[in-house]
Amino acid sequence: STGMITIDPGYKNTGSCESAITYLDGEKGILRYRGYAIEDLAEKASFLEVAYLLIFGELPNKEQLDKFHADIKANSEVDEDLKKIVDSFPRSAHPMGILSSLTSALTAFNPSSVDINSEEDMYKAIVKIMGKFPVLAAWTLRKINAKPYDYGDSSLGYEENMLYMMFKKPNESYVPNQTVVDALDKLLILHADHEQNCSASTVRIVGSSHASLFVSLAAGVSALWGPLHGGANQAVIEMLEGIKADGGDTAKYMEKAKDKNDPFRLMGFGHRVYKNFDPRARIIKKAADDVLGDLGVEDPVLDIAKGLEKQALEDPYFVDRKLYPNVDFYSGIIYRALGIPTEMFTVMFALGRLPGWIAQWREMRLRKEPIGRPRQVYVGETHREFKPLEQR
Ligand code: SDX
């Protein structure tokens, strides 16, 4: 560092804000949303209760929850012209690229600039995005599956409606499977917030310029797409499939992960904060067994995943670096059992993280945080005299 500026790459030891939303203890593997343990919420709450809790700070009572859900349903229509944007994408487009574009495009159809000091204004913007985002996510899946995209059925619950919009076949009725609905509800809760992770920090810094909520969320979708962050859940399944195709030789991939000259990393392992187990991974691993059992799904990559975890927990390289499975390690195995294609896994992560991003953005604005503008240590050229073109 020079003078008063100290560089902290990746902000490993820098706090960006005070927050009252989510508490993590990396050593003890503790995760709490507004003080409530993730284990309790995953088991006993619904995703909309948890979304309300994260955003407004309290678990809703029945009247508040029913109103929240009704207002979300009433705001889940998406402007028909947005379909023109979906039409314009090739079927090979990655769903996260489509979702980020559509989320940004919402600003063209909905004045999302909110008066942060008007509770009513803020509430309206929140129920709008909570209603429309699942439609946009479903439309990305319909596009890559070459299926027509339309609206949901507002008589259904929040997750049922997501599944309905994603999987209803044009000429058949669709009855959601309760096991699938419950598994999706739990996964959305487990992904709902995680304090100042890369995408939440992105949503905060974009919002700190007083850019609107929807474009701040679109930036969060982009940050989440990266394979080191939310994109890891897709990379995990691709890695496990690769190991299966290679004869299931997990030891060979453990060696590759330890080889500094080999860019291969054990995707779904390691975490900036959790230096013990990730409590979400623990819940998802158990849920994977339950859901696949209930659905009668045999997935060989689950055994490969368990084998990798077992070997890593006994391997000094991983133990010394405190590398344990994170939230992304087992989640894809459940998504796949629910019929969700691999390239949609990170979209499912975004659907869960939406209320967390909203809560972080709202807290940042309510606390009147200053615009995010870090300094640097300059290491470039010292002053040079200009040289005319003919002399270069
Ligand atoms: C999420 O921040 C959040 O909370 C994110 C998230 C959320 O809910 O928002 O929890 C969701 O993004 C989970 C993480 C998903 N990403 C992956 O699974 C990708 C694989 N993991 C790594 O890329 C890595 O562990 C990170 C990105 C998760 C964390 O990176 P850090 O904190 O910058 O750690 P690092 O890269 O400096 O690694 C420390 C050491 C290094 O070895 P040395 O140089 O010290 O010898 O551990 C090694 C790394 O090489 N290492 C790994 C590894 N992860 C770290 N080696 C092999 N495989 C891995 N997965």
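## Around the ligand

Among the 25 residues around the ligand, those that come nearest are His 194, His 271, Arg 272, Arg 280 and Arg 353, where a residue is near a molecule if one of its heavy atoms lies within 4 Å of it. This is a predicted model, in which local features need pLDDT of at least 70 and side-chain atom pairs count only at pLDDT 80 or more, while totals for chains, interfaces and linings use all residues. Residues are numbered from 1 along each chain as its sequence is written, and side-chain values use heavy atoms, with hydrogens and water left out.

By class, the shell around the ligand holds 10 nonpolar, seven polar and eight charged residues; here Ala, Val, Leu, Ile, Met, Phe, Trp, Tyr, Cys and Pro count as nonpolar, Asp, Glu, Lys and Arg as charged, and the others, Gly among them, as polar.

An N or O atom in the side chain of Lys 12 is 2.8 Å from an oxygen atom of the ligand, and an N or O atom in the side chain of Lys 260 is 3.0 Å from an oxygen atom of the ligand. Taken alone the ligand exposes 1000 Å², and the protein buries 79% of that, with accessible areas coming from the Shrake-Rupley method with a 1.4 Å probe and, for residues, only the protein chains shown counting as cover.

## The annotated active site

In an unreviewed entry, UniProt lists His 271 and Asp 328 under "active site"; its positions are given in the numbering used here, feature names are shortened, and annotations may be inferred rather than shown by experiment. The two span 58 residues in sequence, yet no two of their C-alpha atoms are more than 10.5 Å apart, so they gather at one spot.

His 271 sits in the loop between helix H12 (250-258) and helix H13 (279-295), helices (H or I, at least four residues) and strands (E, at least two) being DSSP runs numbered from the N terminus. With a relative accessible area of 22%, His 271 is partly exposed, a class that lies between buried (under 20%) and exposed (over 50%), judged with a 1.4 Å probe and protein chains only. Not counting residues up to four places away in sequence, His 271 touches His 194, Asp 278, Arg 280 and Asn 326, contact meaning heavy atoms within 4.5 Å. The side chain of His 271 also reaches the backbone nitrogen of Val 273 at 2.8 Å.

Asp 328, by contrast, belongs to helix H16 (residues 327-337) and is buried, with a relative accessible area of 5%. Leaving out residues up to four places away in sequence, Asp 328 touches several residues, including His 229, Asn 233 and Phe 349.

## Covered helices

Helix H7 (residues 158-167) is mostly covered, as nine of its 10 residues are buried. These buried residues pack against helix H2 (47-56), helix H3 (62-74), H6, helix H8 (178-190) and helix H17 (345-366).

Thr 140 lies in helix H6 (residues 119-144) and counts as buried at 0% relative accessibility. Beyond its neighbours within four places in sequence, Thr 140 is in contact with Pro 95, Ile 98, Leu 99, Leu 102 and Met 344.

Notes:
Polar contact = N/O pair within 3.5 Å; in protein donor to acceptor, adjacent residues only side chain to side chain.
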